Amino acid sequence: MTGSPQYHLERVRKVFGRGQVALEGFDLQVAEGERVALIGPSGAGKTTLFRMLNCTIRPTAGRLSIGGQEVAELYGRRLREMRRRIGTIYQQHNLVPRLRVVHNVLSGRLGSWSLLGSLASLARPAGLETAHRALTDVGIGEKLFSRTDELSGGQQQRVAIARVLMQDPDVILADEPVSSVDPSLAETIIKLLLAISDHTGKTLLVNLHSTDLALSYFPRVIGMKAGVKLFDTAAAQVTPELLQELYSGHVPENGAGEPSREPEPRRIAV
Ligand SMILES: Nc1ncnc2c1ncn2[C@@H]1O[C@H](COP(=O)(O)OP(=O)(O)OP(=O)(O)O)[C@@H](O)[C@H]1O
Ligand SMILES: [Mg+2]
C-alpha cells in the first residue's frame, strides 16, 4: 500500500437508521505498520469504527481515506479490492463450524477467487501448502484436516487468524479477538498478532475490553466513549484517572440491568 498515513479520518460521523449516533467528529491517523489498541465501554463505537475502516459501512459525514484513496470514491471492483487489503478478525470468529479447518483458512482467499475456483477448492483444496503454513504460523499446523467445531475456542481463534494470514492483507483489524478465551490464552493470542504485525509490517488495530492487555502490549492506545475519542496517546501516558473517566457511568454487561453507581473496577498495568 502506498501513501502515508495509511488511514486518514477527518470529522467522521456515523448515524444509524433511527438517529443513533455511533461516531461523532472522529479524527484519526494511522501510519503503515502501526500497532494500536482501542478501548472503551460497550457501545462506545469501536466496532462501528472497524466496520468503517474495513469499508463495510460508509461515514454519514466526514472524510475517510485509506492509503491515499478516498473511500467515498470507491465502488464495485475497486471497493472490493480495497476490502481485500483489509483483514478482519471478529470476536465470534465467523468460521463455518462444520467445515474442515483447511476450508475455513482457504476462505481467506475467497475475495480474490472466482466463484468456480472457490467451489472447486471445496472439493480439492487449492493452496493447501499455504494454508498449512498459515496454520503452522499460528501454532496449530496439525489441525489442517480437523473439523472446525471440534477445536477449542482458542484454537478456533487461531484458525480465524490463519484465515486472515491467507488473505494476506495490508491491515489487520481484530475486534475483541480474545474475549472468549481465558486470560493466559488471551495474552498468547495478542502476542501472536503483534508478532505477525512485527514480522510482516502489517498495520494492526485491536479492539480490546482488557485495558491490561492494551496498556501492556500496545505502544499507542485510543480511548473511545459514546462515539467520541477521549484520548489517543502512548500507553505510558494513560493514567488511572483517564481510565476512570473512560469507564465512568458504564454499566457492566453482566450487571443484568442493575445500574451501578461505582465505575467498573479495572486492574491497571502501568
Ligand atoms: N447497525 C446498527 N444499527 C443501529 N445502531 C447501531 C448499529 N450498529 C451499532 N449501533 C449503535 O452504535 C453504537 C456503537 O455500537 P458499537 O457496536 O460500535 O459499540 P462497541 O464499542 O463496539 O461496543 P461493544 O464493546 O459492546 O462491542 C451503539 O449505541 C449501538 O447500539
Ligand atoms: Mg464491539
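Start by selecting β6 and strand β7 (residues 171-175): four bridges join the two, and they run parallel. Helices here are DSSP runs of H or I with at least four residues, strands are E runs of at least two, and both are numbered from the N terminus. Two strands count as paired if DSSP finds at least two bridges between them. Zoom in on Ile-86, and you will find it opposite Val-171 in β7.

Before moving on, a word on what you have open: this is a predicted model, in which local features need pLDDT of at least 70, side-chain atom pairs count only at pLDDT 80 or more, and totals for chains, interfaces and linings use all residues. Residues are numbered from 1 along each chain as its sequence is written, while chains are lettered from A and ligands numbered from 1 in the order in which they are written.

**The six-stranded sheet**

Now widen the selection to the order β6-β7-β8-β3-β9-β10, six strands that form an open sheet with mixed pairing. β6 (86-89) and β10 (228-234) stand at the edges with a single partner strand each, so one side of each has no neighbour in the sheet. From one strand to the next, the twist averages 15 degrees. Angles on this tour run from 0 to 180 degrees between N-to-C directions, and axes are lines fitted to C-alpha atoms, for helices over the stretch in contact.

**The four-stranded sheet**

Next, select β2-β1-β4-β5, the order of four strands in an open sheet with antiparallel pairing. Its edge strands are β2 and β5 (69-70), each pairing on one side only. Strand β1 (residues 7-16) pairs with β2 over seven bridges in the antiparallel sense, and Val-15 has Val-21 of β2 as its bridge partner. Where these two strands form a hairpin, three residues lie between them, and Gly-19 takes a positive phi near 85 degrees.

On to strand β4 (residues 61-66), which runs antiparallel to β1 and is joined to it by five bridges. Leu-9 stands opposite Leu-64 in β4. Contact between residues means C-beta atoms, placed from the backbone, within 7 Å.

**Ligand 1**

Which residues are around ligand 1? They are Phe-16, Gly-17, Gln-20, Ala-22, Gly-40, Ser-42, Gly-43, Ala-44, Gly-45, Lys-46, Thr-47 and Thr-48, where being near means a C-beta atom, placed from the backbone, within 6 Å. β2 (20-30) and α1 (46-53) each supply at least two residues of this shell, and α1 gives the largest share, three residues. By class, the shell has three nonpolar, eight polar and one charged residues; Ala, Val, Leu, Ile, Met, Phe, Trp, Tyr, Cys and Pro count as nonpolar, Asp, Glu, Lys and Arg as charged, and the others, Gly among them, as polar.

**Helix pairs**

Finish with α6 and helix α7 (residues 183-200), whose axes are 11 Å apart at an angle of about 10 degrees. The two are therefore roughly parallel, the word for angles under 35 degrees. Gly-154, Gln-157, Ile-161 and Leu-165 of α6 meet Leu-185, Ile-189, Leu-192, Leu-193 and Ile-196 of α7. That contact has seven nonpolar, two polar and no charged residues.

Note on methods
Parallel < 35°, antiparallel > 145°, perpendicular 65-115°, else oblique. Contact = placed C-beta atoms within 7 Å.
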